[in-house]
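I opened the model today and kept notes. Entries follow in the order I looked things up.

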Amino acid sequence: MDWHGHTILAPLTKGGNLPFRRLCVELGARVTMSEMAYSRQVVRGSRAELALLRRHPSEACFGVQLAACKPDEAVAAGRRAVDAGAAFVDINAGCPIHDVVRRGMGATLLQRPAALARLIEGLATGLSVPVTVKLRSGWNEEKINAPEVARLMEEAGAAAVTLHARTREQRYTKAADWGLIAQLAAERTIPVVGNGDILTYYDARERQRQSGCASVMLGRGALIKPWLFREIAEQRAIEPTAEERVAIYRRLAVLMKEHFRDDAKGRERAMRFLPWHLSFFWRYRPLPETEFGGAEHPLMQTRQRFDADIPMLEQVLRDPREQVHRLLADALWDAADDAAAVGAALEIAERNPVEGPEQQDEIETSFG
Ligand SMILES: Cc1cc2nc3c(=O)[nH]c(=O)nc-3n(C[C@H](O)[C@H](O)[C@H](O)COP(=O)(O)O)c2cc1C
């Protein structure tokens, strides 16, 4: 597998469900990744965990990400992933959440580089597909060790490393350190995938050019505007109208119907995801390069602006309120076609007038 020149959909717990990945593929993604699956649960045959390994036929290159700390368990889980269609297996060495790090997985592996190297060695010899590792910069700012860990990964047989260039403690409070990605790319022979803060085609272009990374990975950018894959492939701004966005969001609802089934139970399951996706979609704004392309690089959550005079449909799609996301999700599920979805969204706008300027909230998440 050639790791150069790709725009990879990041592993996204909850967000990287199969219908959303299909939507990304339809909008230009070629390399997709599963949500993080726990090796132990995979080996035990947990239905919920095995469901995470499922690949849709439209996914040309699908990687499965595993949380693991024991080589035997990881290899056994990796084999199941390969049997299910994974083109590569990725090990999570960056997840900051307490439950994961306390059990010796995720970001804890950054503190135990030798153990991580043994894990990768075991997988690289035990699996028939390439093995990759997703790192963070380090545990905290005093312990930035991604360059050293990446060297060990290369020696252990990793086919590529991804760096989400923030520490475990930083979460999303600081901009990703693309200088560190550049350092890894310069030092390593294996391809380095750069990850952090890409929200536009010019972010991708500039980050790739400045860092020399082989490929880039999109997390929140894909959740906010899944057409970002196409935007990057075509190297131009894609700014869908509110009506066009309704059609994209309804497409996700249709893909969820196919996946979860079009009945009461399916709807209930889909509603665990669809309003959640709308809590990312509302953050979309056009960000012209002339205005936002400078050296100054604001955080993703602050690259939003408030326009008082926008049409009703635009207003409701930009509404940050959870109850509005739930209403929109229902409308998208029920609509027979895009025009009906637009009509229903306008009705929601009328019944739920915006009271003041949107909050400039933080994208806070416990994942990743
Ligand atoms: C909702 C959400 C879920 C995530 N789940 C995972 C995960 O399961 N595995 C992982 O390695 N990273 C996970 N991440 C981190 C992303 O893969 C990515 O590294 C991070 O968001 C930085 O990229 P971005 O700035 O493009 O969002 C998650 C991030 C978000 C926002």
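**Entry 1: ground rules.** I take helices (H or I, at least four residues) and strands (E, at least two) as DSSP runs, numbered from the N terminus. This is a predicted model; local features need pLDDT of at least 70, side-chain atom pairs count only at pLDDT 80 or more, and totals for chains, interfaces and linings use all residues. Residues are numbered from 1 along each chain as its sequence is written.

**Entry 2: the Arg44 loop.** I looked up Arg44 and found it in the loop between α2 (39-43) and α3 (47-51). For burial I count other C-beta atoms, placed from the backbone, within 10 Å of a residue's own: 20 or more is buried, 12 or fewer is exposed, and in between is partly exposed. Arg44 has 12 such atoms, so it is exposed. I also checked Arg44 against Glu73: they are 29 residues apart along the chain, and their C-alpha atoms are separated by 9.9 Å.

**Entry 3: the whole chain.** I counted 19 helices and 9 strands in the chain. The C-alpha atoms fill a box of roughly 60 × 50 × 35 Å along the principal axes. The radius of gyration, taken over C-alpha atoms, is compared with a globule rule of 2.2 Å times the number of residues to the power 0.38. For 368 residues a compact globule would have a value near 21 Å; the chain has 20 Å, so the two agree. Buried residues make up 47% of the 368 residues. I call two residues in contact if their C-beta atoms, placed from the backbone, lie within 7 Å. Among contacts between residues at least 6 apart in sequence, 70% join residues at least 24 apart.

**Entry 4: α1 on α13.** Axes are lines fitted to C-alpha atoms, for helices over the stretch in contact, and angles run from 0 to 180 degrees between N-to-C directions. The axes of α1 (residues 18-26) and α13 (residues 242-260) come within 8 Å and cross at roughly 130°. My angle classes: under 35 degrees is roughly parallel, over 145 roughly antiparallel, 65 to 115 roughly perpendicular, the rest oblique. α1 and α13 are therefore oblique to each other. Leu18, Pro19, Phe20, Arg22 and Leu23 in α1 meet Arg251, Leu252, Leu255, Met256 and His259 in α13. The residues of this contact divide into 7 nonpolar, 1 polar and 2 charged. Here Ala, Val, Leu, Ile, Met, Phe, Trp, Tyr, Cys and Pro count as nonpolar, Asp, Glu, Lys and Arg as charged, and the others, Gly among them, as polar.

**Entry 5: α13 on α19.** Next I took α13 with α19 (residues 338-351): the angle is about 110° and the axes are 9 Å apart. That makes α13 roughly perpendicular to α19. Glu243, Val246, Ala247 and Arg250 in α13 meet Asp338, Ala341, Val342 and Ala345 in α19.

**Entry 6: positive phi.** Most residues other than glycine have a negative phi. Lys14 is not a glycine, yet has a positive phi of about 75°. Lys14 sits in the loop between β1 (7-9) and α1. It counts as partly exposed, with 14 C-beta neighbours inside 10 Å. Asp197 also has a positive phi of about 75°. Its loop runs between β8 (192-195) and α10 (201-211). Buried or exposed, this Asp197? I found 24 other C-beta atoms within 10 Å, so Asp197 is buried.
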